[in-house]
Amino acid sequence: MSENPTAGLDDTVHQRHRLGVLTIAAETKRVEFSYLKSALELTAGNLSRHITVLEQAGLVEVEKGYEGKRPKTWLHITDAGRTALAAEMAALRALLERHDSR
């Protein structure tokens, strides 16, 4: 019997808010912190924690700067992040296919 597709899920990526951060970041060159906060309906502190986990795993990079006089934080997905996101999506597809074939 083949391995269950859930074995391919990565706990760092699979957590729903982190998966949300990665999927949104993968759609653009960089994404602003306040956009992610709004889109994912998270508090600043909660989002910061998820971003820290992703950054420590090498899946995103954080850039701090200013837009005019206002401080801003942006992040972008790394190549490793794109690879991890693709692997997560493949595992989810395999899980769906297995379920649908029953």
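Tutor: The buried residues of helix H3 pack against helix H2 (16–26), strand S1 (31–32), H4 and S3, where helices (H or I, at least four residues) and strands (E, at least two) are DSSP runs numbered from the N terminus. This is a predicted model, in which local features need pLDDT of at least 70 and side-chain atom pairs count only at pLDDT 80 or more, while totals for chains, interfaces and linings use all residues. Residues are numbered from 1 along each chain as its sequence is written, and side-chain values use heavy atoms, with hydrogens and water left out.

Student: Which residues of helix H3 are buried, and why do they line one face of the helix?

Tutor: An α-helix has 3.6 residues a turn, so residues three or four places apart point the same way. In H3 (residues 33–40), Phe33, Leu36 and Leu40 are buried, that is, under 20% relative accessible area with a 1.4 Å probe and protein chains only, exposed being over 50% and partly exposed in between. Seen down the axis of H3, the buried residues fall within an arc of 65 degrees, so they line one face; the arc is that of the directions from the helix axis to the C-beta atoms.

Student: How do strands S2 and S3 pair, and over how many bridges?

Tutor: Two strands pair if DSSP finds at least two bridges between them. Strand S2 (residues 60–67) and strand S3 (residues 70–77) pair in the antiparallel sense over eight bridges, and Glu67 has Arg70 in S3 as its bridge partner. Their hairpin has two residues between the strands, and Gly68 there takes a positive phi near 70 degrees.

Definitions and conventions:
Contact = heavy atoms within 4.5 Å.
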